[in-house]
Each structure stands twice: as C-alpha cells, then as structure tokens.
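Student: I have a new structure to read. Please show me how to go through it, feature by feature.

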Amino acid sequence: MRAPAAATLLALVSAALGVPAADVARAATAPAVATVVPGSVVRWPGVELASCEMKGRRWQPLADACWYPIDLELQGSVELVRRSSAGVASRTVAIGPYPYPTQELTVEEKYVAPPKEELARIERERQRVGALFALETPRRFSLPLGAPLDPLPAGGRFGARRVFNAQPRSPHSGADFRASPGTVVRAVADGRVALAEEHYFAGRAVYLDHGDGLLSMSFHLSEILVRTGDEVRRGQEIGRVGATGRVTGPHLHFGLRWHGARVDRALLIGEVSPVEVR
Ligand SMILES: [Zn+2]
C-alpha cells in the first residue's frame, strides 16, 4: 500500500480521534508555549472542561482548570491534552534544566549500603509504595492544601540532588521541616490512610490518599497515630515528628505525588503559584 499523503493522513487521524483536523494538526506541530521547572505544576484554565490528560493518564479538571504535575525527573518536553465541549486541545510545554542544588549528607552506613539481609524488605516496601502511585480515587481535597505542621517552619527545600556519604542517590522528592521530636503532624486534606507502617528508609511513615491521584507522605515519625484504611479529616493528627529511618536528625519529611509525579508541595500549599498556560 502506498503511504497516504500528509493531508489524507491528517484526515484519517482526525476521523479516528473524532476531533477537528485543525486540533490534530496543532497537536502535532505545536511549539512549546512555556518552559517549566521539573517538580512544578501547570494550570490550564478553561470552560466546560471534561478531562485532562498527560502521558497516557487521564483525570478530572479542578476549579475550572486542568492541572498538570511535572515530575521532578521529567526531561525534554511534554504534551498537555484536555477535552471540553469545544473538542480536544493540546499544548506542549518544555521542561527547563534541573534547577536544584546538590546536598551532601552523612548518615549511618547501613542507609547507604544496606546489609544483604535487608534487601528483600527494602524491595517489598518499594513495591507496596509504588502501587500507591497509581491510585485514582474520587477527589477529597481542594487547593490550597493545609500545612502538615502548625506553624510550618521555614525551609523545607525540595528537589536537591542527594549525595549520602559520598554516594549519589535519588533527588529529594519532598521537603524537610525541622521540628522538635513529638510535634504533631496533621493531614493536609481529607482522605484515607493508604499505608501506615515502618519502612527501612522512610522510617515510620503515613501515606494519605486524597483522591484525584494526590498522595501526601509524612516520613521519619516517632509515632503513627492512624491505621491503614482509616478515614482522616483535614487537620487531623496523623503522627508525631521523629528521627526514624534514614535521617541526620529529627525532622518531618513531607512529600506529594500527584498523578504519579513528584511535585513541590509549596505549589499546592499556596506558597508558590503554578505556571499558567492559555
Ligand atoms: Zn526528606
């Protein structure tokens, strides 16, 4: 069979997708409308929105906009898609260079080169947590989220490249807040306890599912005050600050995953505005 001419191919794609040819053409050739930082969130406002899509995952709009979390380690560019009463539209955003500093930390050697007998446990925990990143349950939150500590201490840098005892490791996907051991940690929104247990690196950890693919994580707790499966309300006490797992001292590690992407909590707690595209 002869290859169809470009115009014919466009018509075929258009027919297959059930969208106007002009939309498909723009999606295929569109230049980036913005450059965004890894770990940021893009907001694309619109009317009569039906759904939002990125990288094969689809979700619901929130407050008259589609929100797209850009994972901390995403590179190159990414296509944002949305469906509305007006049809399908897309925008391409470029991902800027990695902007975060490198942080050198010294921890107990067992947290850099775990002993052989702990490897199976670490892998089991990695899988249990990995399954949570695919959760898409009905939304239970609104933005901005609440703060995990009251008052929320300054600091809490997100995104640093991590070097533990001179060994490079995954970048820092949360924010660390220094606080006295025993300080109460609160749920940042209504939700369900997806997992509450002690892990090798995270120490005593609570994972809350807030619906719409949003997961909040509180690590290194001295005490867990909820159980897996519990329903929690925004502001409810879920644990206490501690120094369990891979730490240099007592602090709260607070992280967010939204539709699987690691994003800066400052964007959702209202400290920083998301990037807007039109
Ligand atoms: Zn941390």
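**Reading the strands, core and surface**

Tutor: Start with a strand pair: strand β3 (residues 49-54) and strand β6 (residues 77-84) run antiparallel and are joined by 5 bridges. Strands here are DSSP runs of E with at least two residues, and helices are runs of H or I with at least four, numbered from the N terminus. Two strands pair if DSSP finds at least two bridges between them. This is a predicted model, in which local features need pLDDT of at least 70, side-chain atom pairs count only at pLDDT 80 or more, and totals for chains, interfaces and linings use all residues. Residues are numbered from 1 along each chain as its sequence is written.

Student: Which residue in β6 is the bridge partner of Met-54?

Tutor: Leu-80. Met-54 also has a bridge partner in β4, namely Arg-57. Strand β4 (residues 57-59) runs antiparallel to β3, with 3 bridges between them. The two form a hairpin with 2 residues between them. Lys-55, in that turn, has a positive phi of about 50 degrees.

Student: How confident is the predictor?

Tutor: Look at pLDDT, its confidence in each residue, from 0 to 100. The mean for the protein chain is 89, and 90% of the residues reach 70 or more. Over residues 1-28 the pLDDT is below 50, though this stretch has 22 contacts in the model beyond near neighbours in sequence. Where pLDDT is low, the predicted coordinates should not be read in detail.

Student: What counts as a contact?

Tutor: Two residues are in contact if their C-beta atoms, placed from the backbone, lie within 7 Å. Take Tyr-68. Leaving aside neighbours within four places in sequence, Tyr-68 is in contact with Val-41, Val-42, Cys-52, Met-54 and Leu-80. Across the chain, take the contacts with a separation of 6 or more: 68% of them join residues 24 or more positions apart.

Student: How do I find a core?

Tutor: In soluble globular proteins, nonpolar side chains tend to be buried together. Buried means 20 or more other C-beta atoms within 10 Å of the residue's own; exposed means 12 or fewer, and partly exposed lies in between, with C-beta atoms placed from the backbone. A nonpolar core is a set of buried Ala, Val, Leu, Ile, Met, Phe, Trp, Tyr and Cys residues joined through C-beta atoms within 7 Å. The largest one here has 50 residues. Val-42, Tyr-68 and Val-206 have the most contacts inside it. Strand β15 (residues 214-224) gives the most to this core, with 6 residues.

Student: Why does this core lie between domain 1 and domain 2?

Tutor: Domain 1 (6-95) and domain 2 (102-276) both give residues to the core, so it lies between them. The domain bounds come from an automatic or database domain assignment.

Student: Are the faces of strand β18 covered or open?

Tutor: In a regular strand the side chains alternate between the two faces of the sheet. In β18, both faces are covered. His-251, His-253, Gly-255 and Arg-257 are buried on one side; Leu-252, Phe-254, Leu-256 and Trp-258 are buried on the other. That makes 8 of 8 residues buried in β18 (residues 251-258).

Student: Which residue stands opposite Leu-252 of β18?

Tutor: Phe-177. Its strand, β11 (residues 174-178), runs antiparallel to β18 over 5 bridges. β15 joins β18 by 6 bridges, also antiparallel. Here Leu-214 stands opposite Trp-258. β18 and β19 form a hairpin with 2 residues between them, and His-259 in the turn has a positive phi of about 50 degrees.

Student: Is helix α3 well covered or hardly covered?

Tutor: Hardly covered: the count of buried residues among its 14 residues is 0. Helix α3 (residues 119-132) reaches 20 Å from its first C-alpha to its last. That is close to the expected 20 Å, which is 1.5 Å times one less than the number of residues.

Technical notes: pLDDT = per-residue confidence, 0-100.
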